Amino acid sequence: MAERRWRRTGSAVLRVVAVWAVSSLTMLALAALLPDFRLQSDDGDTLTRTAVTAAWGAGAFGLLSALVWPLVVRALLLVPALVLGLLVFFLNGSLLLVALSLIPDGRGQADPENAVVVAAVMSAVASATSTAVAVRDDDAYRRRLYRLTDRRRPRSARGPDASAPGVVFLQLDGVGHDLLLRATEDGLMPTVASWLHGPGAHRLTPWRTDWSSQTGASQLALLHGSNHDVPAFRWYEKDTGQLMVSNRPASAAELQRRAVARTGDPGLLAGGGASRGNLFSGGAGQLALVLSVTARRGRGNRSRAGYFAYFSDPANAVRTAVSFVAEVGREIGQSTRARLRRETPRVRRGGLYPFIRAFATVVERDVVVAAVMGDVLAGRPAVYADLVAFDEVAHHSGPYSRDAAKVLQRLDRSLALIAEVAEHAPRPYRIVLLSDHGQSPGETFRSRYGLTLKDLVRVACGLPVPRRARRAQTGAEARGALRSALHRPVEEPAEVRPPRGSEPVVLASGNLGLISFPDVPYRLSREEIDRRHPALLPTLARHPGIGFVLVRSEEHGSVVIGPDGREVPVDELTDGDAGPLAVFGPGAADAVRRTDSFPHAADIMVNSTYEPSTGEVHAFEEQIGSHGGLGGEQARPFLLSPPALSAPVEDGGDLVGAEQVHRVLRRWLRESQGLGETVRAVQESPPRTQAEEVFPVPDGLAPDKNG
């Protein structure tokens, strides 16, 4: 034991000396290259004296980075996360200036601009050297991973439960089943390909979403077991007069509260789990970048603590900041190239979008991946993380674009890193890869037909239409996460705010449109709509960009109206008939029936057309890769599970709806905890309902819906 302790001490000393030496050489090289950075006195010094000065400066900078940097980052936790990332360069450069001031006789000098460059390079070199030296030492490598993720192995991980496997659920937001297969065949995702085709091949299972094929509905059910009364990404509630928007923190908190009240269960991750980068907490005690928790202000918001775990390492902070700037430049370059080449379909990608994309593809990805690494090394029994990078880019570039393919490659490297870290965990882990929905490509409704759905509704109602229709705000999850990181409320543009009087509220969720009349407290019938606006329903049903319309009828109950004007009662819809839903494939009738039963279903619900030969839909938002309704790959996500877990469904069976997938995930957690078959029937039975005060996060998280 004593010999091993001395060996560890000796290895640690050697690593420190190696990092110090390489950092000193780096500082010498930078002093030779940069004109306003020097390590000599005004009269000049010998090479030996200059080397000693570099060693002094590198040592002082290393000590300050190790001791002061974590304290600075912790003190700035209340600063908006994105602002903190942009402050990285300034803070690191300031530490270097302090280190240079500690060199005797004032031999170290640098102007602020050069200090930023020198500090960034030295932090990156020191991190790379430390990692390279530790690679051959498993103990050292493991300790470095703990430090990078700011985690300590809990004592419980050494106990009898340490042998029970944990489960990591990694959600690739927006990656459909067919797209995943194509990405592995094209060599874009070698890690996933090895899981599919390597030793111990994983099981790939497609599943069908509900009509509302978007993260708000899917993830709420995946984590909390119910997405009842979630008709779309955004919808108008007549009883409260409020808009519910899935990526608005207050709305996410309220949706989570309702799901917990309905199921009587805190969520999939209750009892020691971790939720990372999600819209909802899943009942987890460990949170990072969870939108439903960001409605809380002050110390009660534990979600932002995940930033400290990542940014406390200056090399991580510098790398992410540099990558953020590079991603902004990459997006500007890619959008400029698409515009110059007149690529179609194409949407506007200016304004804040380059920064929103960079936040999703760099900042959020890096923080979430680091948090998952920490959870694995801490031995947590269950982790659920959402990686939104692909979904954000595919909305604006298309799911099969070159831009989206590059994102898939980087996500695959993140998966490989998590899998590598899992090998050093205190317990074995089973990694489950899944998605919440896919994306369907296609030209936008506005681009194809020259007007928005709102314009069409207003024309049919005899209302004035603005000459210049403003660009619709997309429903991408990253937008809400970015505004939360900036400590700004998620606001909707004026065109989706409830108007006064009897004017209709027209909302878009991908290629699903919702039309409500706010002056009537109940769901209007077709007959009442016809009396108000005789041309509205015929105009919608006969428009070439609309596949079908759902509306309630006083005579027949709810009916679906197809392009030919044919009306089919919802109760009579079947997947096998030649009615208006036949083109949308199996399960469409059941999905429409379920949504029609929701208390907050809109007066009129509209789904765009779908062309099976091309897989294209026409989004009512400005997205050339969309999801939210029926039609194509958007409604066919995937579940990729290791062979150690039971099959999601029996051979030949279908996995339908996120609520059924939730029951599968619960079963897998039980299996991993060693409870096996005896609890499967209990886990797959519908959960009971309890009073609404049950909530997975302390103090309830249900502020007013205005956020």
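Visitor: Why is Lys238 called buried?

Guide: Buried means under 20% relative accessible area, while exposed is over 50% and partly exposed lies in between (1.4 Å probe, protein chains only). Lys238 has a relative accessible area of 18%, so it counts as buried. Before we go on: this is a predicted model, where local features need pLDDT of at least 70, side-chain atom pairs count only at pLDDT 80 or more, and totals for chains, interfaces and linings use all residues. Residues are numbered from 1 along each chain as its sequence is written, and side-chain values use heavy atoms, leaving out hydrogens and water.

Visitor: What makes the link between the side chains of Lys238 and Asp603 a polar contact?

Guide: A polar contact is a pair of N or O atoms within 3.5 Å; within protein, one must be able to donate a hydrogen and the other to accept it, and residues adjacent in sequence count only if both atoms are side-chain atoms. Here the distance is 2.9 Å. The Lys238 side chain also reaches the backbone oxygen of Tyr522, at 2.6 Å.

Visitor: Where does Lys238 lie?

Guide: Look in the loop between strand E5 (234-237) and strand E6 (242-245). Helices (H or I, at least four residues) and strands (E, at least two) are DSSP runs, numbered from the N terminus. The protein has 23 helices and 21 strands.

Visitor: Why are H13 and H15 called roughly parallel?

Guide: Axes are lines fitted to C-alpha atoms, for helices over the stretch in contact (heavy atoms within 4.5 Å), with angles from 0 to 180 degrees between N-to-C directions. Angles under 35 degrees count as roughly parallel, over 145 as roughly antiparallel, 65 to 115 as roughly perpendicular and the rest as oblique. The axes of H13 (residues 353-378) and H15 cross at roughly 15° and come within 9 Å, so the pair is roughly parallel.

Visitor: Which residues make that contact?

Guide: Among them are Arg365, Val369 and Val372 of H13, and Arg410, Leu417 and Ile418 of H15.

Visitor: How do you know that H14 is largely enclosed by the rest of the structure?

Guide: Count its buried residues: 9 of the 9 in H14 (residues 389-397) are buried, so the helix is largely enclosed. They include Phe390, Asp391, Glu392 and His395. Gly398 follows H14, and its phi is positive, near 100°.

Visitor: How many of the protein's residues count as buried?

Guide: Of its 707 residues, 58% do.
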